[in-house]
Amino acid sequence: MQFRLIVEYDGTDYCGWQVQPNGRSIQGTLEAALGRLLGHAARVVAAGRTDAGVHAVGQVACFRTHRTLDPWIVHRALNALTPDDVAIRSVEVVAEGFDPRRGARSRAYVYRIWNDPTPSPFWRRYAWHIPQPLAFDGMAAAATVLVGEHDFSSFRAAGCQAAHAVRRVCRSEMHRDGALLQYRIEATAFVRHMVRNIAGTLVDVGRGRRNPDDVRALLQARDRTRAGVTAPAHGLCLTEVKYE
């Protein structure tokens with residue numbers, strides 16, 4: 001049987017999704033819980049490998065087992081066997097050929113900014129605190145420039161192993177709820193640190209260091225050194241993975 005999980009986690013205390021030799025990972029935590037439940041080792045494959053400190057509310061993951069189990073039993077047991085900063089939102093049986101990574105049609109992320117002179121104890125783990133005022137309208141205008149198919153080399157981290165940086169962005173927009181600014185982006189795929197590098201560039205626009213039209217020039221430049229800083233990991237959250 002192959003099971004699909006929707007996983008939510010606070011990535012603060014983890015080295016990221018992928019198992020690391022000297023760190024606590026989300027994948028390792030789930031595989032340890034499954035080992036106790038199933039009585040045998042089971043590999044967990046995810047739709048995307050989030051980095052250290054990045055959160056998720058809609059991560060999709062799969063595992064296989066030779067045992068016949070009710071999804072409801074798996075759901076209840078995994079939530080009992082995982083720590084409080086990891087939760088299984090749903091469990092279902094899927095076809096053997098389902099691949100959570102290759103089968104994904106798009107992925108959606110949100111990057112949160114707490115824009116207020118006073119830091120927020122509530123948002124400190126989930127939003128980048130910027131005390132200086134940010135020009136929201138300029139950031140919103142800059143975000144829309146990214147919609148469509150572009151070469152995102154200017155927003156690609158060094159060491160990214162992707163064959164190329166051409167990606168198609170379906171949605172790129174800013175939202176504001178009081179002091180909380182949320183940048184939402186959905187794309188067919190992402191290059192390494194793409195969302196965090198975009199967020200850092202949008203903050204430059206908000207601070208008046210760049211114009212919204214500068215983002216278009218950055219896409220054409222294909223030069224990472226000309227874009228903004230990489231925004232902190234704790235502001236980023238994987239919200240949804242979509243399939244056909």
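Guide: Lys and Arg count as positive here, Asp and Glu as negative, while His and the chain ends are not counted. Each charge is placed at NZ of Lys, CZ of Arg, CG of Asp or CD of Glu. On that basis the protein chain carries 32 positive and 24 negative side chains. The centres of the two sets lie 3 Å apart.

This is a predicted model: local features need pLDDT of at least 70, side-chain atom pairs count only at pLDDT 80 or more, and totals for chains, interfaces and linings use all residues. Residues are numbered from 1 along each chain as its sequence is written, and side-chain values use heavy atoms, with hydrogens and water left out.

Now the setting. The protein chain has five helices and ten strands. Helices (H or I, at least four residues) and strands (E, at least two) are DSSP runs, numbered from the N terminus. Of the 244 residues, 50% count as buried. Buried means under 20% relative accessible area, exposed over 50%, and partly exposed in between (1.4 Å probe, protein chains only).

Next, the bridges. A salt bridge is a side-chain nitrogen of Lys or Arg within 4 Å of a carboxyl oxygen of Asp or Glu. The count comes to twelve.

Take Arg-196 with Asp-51. Their closest N and O atoms are 4.0 Å apart. Arg-196 lies in helix α4 and Asp-51 in the loop between β2 (45-46) and β3 (55-64), so the pair ties together parts 145 residues apart in sequence. Arg-196 is buried, at 12% relative accessible area. Asp-51 is partly exposed, at 28%. Arg-196 also has contacts (heavy atoms within 4.5 Å). Leaving out residues up to four places away in sequence, Arg-196 touches residues including Tyr-111, Val-229, Pro-232 and Leu-236.

Glu-96 and Arg-64 form another bridge, at 2.7 Å, N to O. Glu-96 sits in the loop between β4 (86-94) and β5 (104-114), and Arg-64 in strand β3, 32 residues apart. Both are partly exposed: Glu-96 at 49% relative accessibility, Arg-64 at 44%.

Then there is Arg-222 with Asp-151. The closest N and O atoms are 3.6 Å apart. Arg-222 is in the loop between α5 (214-221) and β10 (236-243), Asp-151 in strand β7 (residues 148-151), and 71 residues separate them. Arg-222 is exposed, at 55%. Asp-151 is buried, at 18%.
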